[in-house]
Amino acid sequence: MPQKVRVAASSNGVLPEDMLRHILVRLPAKTLCLFRAVSRSWRSLLSDPLFVAAHKSRHPGPLVVTCTSELCQRGGTIEIMDLSGHVVKRIATSMENARLECTRHLDLICVARNEHRSTRHVINPTTGDTFALPSRCAKEHAHVKHFFPQSFDFGQVGSTGEYKAIRCVSIDDSESESSPMLCEVITLDDGRHARWRGKQGPPAPVASNRNKSVVVNGVVYFLLEFRRPTFSGDHVEHGSMALFNLETEEWMGIVQGPMPVRNGGYFSLFMELSLVCLDGFLVMAHNPEYSSLDLWFLMDAEESLWNKRYSIDGQHEILFAQPLEILSDGRIVLSAPGRLRLYNPITKTFTDFEMRNSTFVGTYTGSLLSSESTFTSEAERCTVCGCYGTLETIEPYALCEDCMLHQALLLLQRLEGCAQLDTLSGITN
């Protein structure tokens with residue numbers, strides 16, 4: 001009589017656990033998130049770190065992240081989708097006029113509020129946990145009266161795994177050549193003690209537009225305002241960048257752009273340049289007169305050596321397109337308004353997928369199955385909105401800056417309402 005196959009308890013008497021793992025690891029994360037509700041044993045299996053790691057290695061991604069904010073909607077909606085344009089997960093945010101920062105190749109995403117992007121939240125898409133970055137300046141810069149944020153980026157230190165953010169700010173809202181810039185850094189792993197720390201300012205004014213900075217292997221590349229000299233008075237070549245090391249928190253000098261970029265005119269060139277990370281390289285995307293999209297790879301930072309690996313032709317096909325990723329099969333992922341585009345450099349053809357109209361697009365490389373929170377080590381939660389961050393304690397509450405501001409506005413409205421009632425009562429009497 002043949003021996004019976006022992007069935008694992010987690011399979012509910014249907015399949016052995018090993019066979020169940022082999023089947024489930026092939027399914028997309030969105031489906032597995034739904035399967036967690038089948039039973040406690042399935043939830044335990046699908047949350048197991050070994051299974052999460054095996055699933056991530058089999059589905060390397062990346063996933064595309066977009067953020068939309070409707071006119072009649074108080075907050076924004078973050079959508080995580082696969083390369084076919086199918087939404088894998090939606091995350092609602094209460095931030096008004098929410099905008100996605102263009103973070104790449106990270107397990108976290110960053111969302112900013114309003115056009116000035118003064119308030120930013122870092123979000124763990126798997127758990128929904130949010131870390132509110134403080135907006136107030138570093139204590140080293142407490143004496144500064146005027147504070148105008150210019151450029152921001154967010155990345156990870158490879159040697160330690162720490163997540164850090166950097167911002168460059170101006171103390172003068174004018175474009176004076178002599179107006180200095182300040183630099184501040186914050187480490188998210190500091191939890192409730194996370195504060196902006198004042199650092200040496202950049203060697204020259206950095207650009208403030210989107211896609212003008214990027215983090216590659218723990219180094220932040222900032223495109224410089226090349227119509228203005230360095231703060232020491234030196235001339236800045238077109239397409240030059242200032243480098244900042246997130247681990248040492250020091251500036252690493254200036255790197256010149258590719259030769260064709262250096263010879264361009266300022267007004268058109270500044271709109272035609274963007275910085276991205278592709279295949280682990282810093283890439284300067286140059287879209288001259290919107291006739292082609294040239295991708296220049298930085299091969300040697302010390303010698304400023306560049307290699308133009310790709311030149312994507314087609315004026316209409318690449319209009320306002322931004323490169324996001326190079327896939328293992330050689331195709332290039334591009335984001336364009338309302339579309340996700342896959343470009344085949346061999347056949348020189350495009351495959352398009354519709355997505356919600358959003359110009360704020362990034363990539364996400366984490367696993368949506370992971371249940372580990374990033375901010376719970378020493379951080380505190382806001383009593384009102386539940387975000388982690390540097391909180392102000394007003395017994396018995398602990399509030400983040402956003403909620404503090406919101407409560408202050410409510411109080412002001414109530415005081416104004418009381419004043420109006422007093423005035424009306426006096427008129428009536």
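Student: How many bridges join strand β13 to strand β14?
Tutor: This is a predicted model, and in it five bridges join β13 (residues 219-223) to β14 (residues 241-245). The two strands run antiparallel.

Student: Which sheet has β13 and β14 in its order?
Tutor: An open sheet of four strands, in the order β12-β13-β14-β15, with antiparallel pairing.

Student: Why are β12 and β15 said to stand at the edges?
Tutor: β12 (213-216) and β15 (250-255) each have a single partner strand, so one side of each has no neighbour in the sheet. From one strand to the next, the twist in this sheet averages 25°.

Student: What is the order of the strands in the open sheet that contains β8?
Tutor: The order is β8-β9-β10-β11, four strands with antiparallel pairing. Here β8 (148-156) and β11 (197-199) are the edge strands; each has a single partner, so one side of each is left without a neighbour in the sheet. The twist averages 25° from one strand to the next.

Student: How do you know that β8 and β9 pair?
Tutor: Eight bridges link β8 with β9 (residues 163-170) in the antiparallel sense. The requirement is at least two, so the two strands count as a pair. Among the bridge partners, Phe154 goes with Ala165 in β9.

Student: Why are helices α3 and α4 called oblique to each other?
Tutor: The axes of α3 (residues 40-47) and α4 (residues 49-58) cross at roughly 60° and come within 5 Å. Roughly parallel needs an angle under 35 degrees, and roughly perpendicular begins at 65. The helices are therefore oblique.

Student: Which residues make the contact between α3 and α4?
Tutor: Leu45, Leu46 and Ser47 of α3 meet Pro49, Phe51 and Val52 of α4. By class, five are nonpolar, one is polar and none is charged.

Student: What is the average pLDDT of the protein chain?
Tutor: The average is 79, and 78% of the residues score at least 70. Over residues 1-12, pLDDT stays under 50. The model has 20 contacts beyond four places in sequence for residues 1-12.

Student: Why be careful with low pLDDT?
Tutor: Where pLDDT is low, predicted coordinates should not be read in detail.

Note on methods
Residues are numbered from 1 along each chain as its sequence is written. This is a predicted model: local features need pLDDT of at least 70, side-chain atom pairs count only at pLDDT 80 or more; totals for chains, interfaces and linings use all residues. Side-chain values use heavy atoms; hydrogens and water are left out. Axes are lines fitted to C-alpha atoms, for helices over the stretch in contact, and angles run from 0 to 180 degrees between N-to-C directions. pLDDT is the predictor's confidence in each residue, from 0 to 100. Contact means heavy atoms within 4.5 Å. Angles under 35 degrees count as roughly parallel, over 145 as roughly antiparallel, 65 to 115 as roughly perpendicular and the rest as oblique. Ala, Val, Leu, Ile, Met, Phe, Trp, Tyr, Cys and Pro count as nonpolar, Asp, Glu, Lys and Arg as charged, and the others, Gly among them, as polar.
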